[in-house]
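Let's take a walk through a protein model together and look at how some of its side chains meet. Keep the structure open while you read.

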Amino acid sequence: MNDVTQAVEELVIRRLKAGDAEESANLDTPLTDRGVDSLTIAALIMDIERTFGVRFPSGLITHDTFVSVRTVAAAVRGLTDDGAVEPGRREDA
């Protein structure tokens, strides 16, 4: 698992624990099956933006982007110069 995928998984788990939802270790498990709803997605987007120093364009906030940890991580990598931004490092810092 690469750094971006691992960071996204940790953000999802943190959100799930906050809501006492069941967590899963499979990166391809649908987020909805893990207990993620639209409010959790909104919070996750803010977490990702803050963690990676990126902004999700509205066109990328789709069901296809937020199917699983793997699809979210792929979108984040696309926003971070091919995954070059390390979690916790903001580009504008």
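Is phenylalanine 66 buried or exposed? Phenylalanine 66 is buried, because its relative accessible area is 8%, and buried means under 20% (exposed is over 50%, partly exposed is in between, using a 1.4 Å probe and protein chains only).

Before we go on, a quick word on the ground rules. This is a predicted model, so local features need pLDDT of at least 70 and side-chain atom pairs count only at pLDDT 80 or more, while totals for chains, interfaces and linings use all residues. Residues are numbered from 1 along each chain as its sequence is written, and side-chain values use heavy atoms, with hydrogens and water left out.

Back to our phenylalanine. The whole structure holds 1 aromatic pair, and phenylalanine 66 forms it with phenylalanine 56: the centres are 5.6 Å apart, with 40 degrees between the planes, which makes the pair tilted. (Rings of Phe, Tyr and Trp, the last by its six-membered ring, pair if their centres lie within 6.5 Å; planes under 30 degrees apart are stacked, over 60 edge-to-face, and the rest tilted.) Both partners sit in the loop between H2 and H3, 10 residues apart. Phenylalanine 56 is buried too, at 7% relative accessible area. As for those H labels, helices (H or I, at least four residues) and strands (E, at least two) are DSSP runs, numbered from the N terminus.

Now for the charged side chains. A salt bridge is a side-chain nitrogen of Lys or Arg within 4 Å of a carboxyl oxygen of Asp or Glu, and the count here comes to 5. One of them joins glutamate 9 and arginine 34, with the closest N and O atoms 3.0 Å apart. Glutamate 9 belongs to helix H1 (residues 3-18), while arginine 34 is in the loop between H1 and helix H2 (38-52), 25 residues away. Both of these residues are buried.

Another salt bridge brings aspartate 28 and arginine 70 together, at 2.7 Å between the closest N and O atoms. Aspartate 28 is in the loop between H1 and H2 and arginine 70 is in helix H3 (residues 69-79), so this pair ties together parts 42 residues apart in sequence. Aspartate 28 is partly exposed at 44% relative accessibility, and arginine 70 is partly exposed at 40%.

Finally, find arginine 50 and aspartate 47, whose side chains meet in a salt bridge of 2.9 Å, N to O. They are about one helical turn apart, because 3 residues separate them in helix H2. Arginine 50 is exposed at 52%, whereas aspartate 47 is buried at 7%. Along with Arg15, Asp47 and Arg50 are linked in a network of salt bridges.
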